[in-house]
Amino acid sequence: MKKTSYALVVPALLLSVLVVSGCGAFRSKKDWERAQQEAPLEIPPGLDTPSTSAALVIPDVGAGASGAQAQTGAAPVSDGFVLTDAPDAAYRRIGELLSVGDLGKVTAHDDSTHTYQIAVSQGGPSEERPGLFRRMFGGGKHDDAESGSSSNGRKQRSVVLAINESGTGSEVRAQGDADGVRRVIDALKSRMGSK
């Protein structure tokens with residue numbers, strides 16, 4: 001190397017070491033660094049602490065999800081949302097959205113009570129196609145013909161959709177199978193711009 005490059009490299013190296021080592025010298029002490037912990041708060045003698053005995057209740061065996069699955073007839077689920085439209089206008093808008101048919105088939109409707117009965121198809125196209133081994137070895141070819149008669153092998157769930165007056169707008173309520181209700185309400189909320 002030339003002397004000029006040494007003349008530039010050595011002072012630059014010394015300056016960088018000085019700058020890096022000198023960072024701590026310019027640091028000031030903050031109040032939060034000198035803070036000490038105070039005594040914990042105490043509850044005044046006249047007040048009672050809330051009871052924590054029932055905070056962590058352990059349910060009985062079989063009372064959880066497995067117990068719910070063991071029941072033959074599960075209770076229907078209800079969910080809904082509110083629109084600013086009048087009930088008649090909301091009933092017509094929802095009817096137009098349901099007529100597309102991607103949520104399921106409208107099996108019945110009552111214009112006087114503003115209700116729709118919907119057969120919601122569960123599952124997607126991935127459930128219609130058999131697995132890899134079934135396709136490879138041809139197992140279940142006769143099953144495919146039978147399942148095609150029930151809406152391409154999808155399970156149908158019944159959901160009742162009711163539109164009622166609620167203050168200045170209307171309330172949309174769905175009742176029936178939990179998966180079907182969730183699917184219908186989520187789709188209608190997103191398409192109608194409701195929260």
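How many bridges pair E4 and E5, and in which sense, parallel or antiparallel? Hi everyone, let's start there: E4 and E5 pair in the antiparallel sense, over eight bridges. Strands here are DSSP runs of at least two residues, marked E and numbered from the N terminus, and two of them pair if DSSP finds at least two bridges between them.

A quick word on the model. It is predicted, so local features need pLDDT of at least 70 and side-chain atom pairs count only at pLDDT 80 or more, while totals for chains, interfaces and linings use all residues. Residues are numbered from 1 along each chain as its sequence is written, and side-chain values use heavy atoms, leaving out hydrogens and water.

Back to our strands. Valine 160 has glutamine 175 as its bridge partner in E5, and valine 159 has glycine 176. Two residues sit between the strands of this hairpin, where glycine 167 takes a positive phi near 65 degrees. On to another pairing: E4 (residues 156–166) also runs antiparallel to E3 (residues 115–121), joined by seven bridges. There, alanine 119 is partnered with serine 158 of E4.

Now let's visit serine 170, in strand E5 (residues 169–176). Is serine 170 buried or exposed? It counts as buried because its relative accessibility is 0%, and buried means under 20% relative accessible area with a 1.4 Å probe, protein chains only. A polar atom of the serine 170 side chain lies 3.0 Å from the backbone oxygen of aspartate 85. Beyond neighbours within four places in sequence, serine 170 has contacts (heavy atoms within 4.5 Å) that include Phe81, Asp85, Pro87 and Ile163.

Key. Helix = DSSP H or I, 4+ residues; strand = E, 2+ residues; numbered from the N terminus. Buried < 20%, exposed > 50% of the residue type's maximum accessible area, 1.4 Å probe, protein only. Polar contact = N/O pair within 3.5 Å; in protein donor to acceptor, adjacent residues only side chain to side chain.
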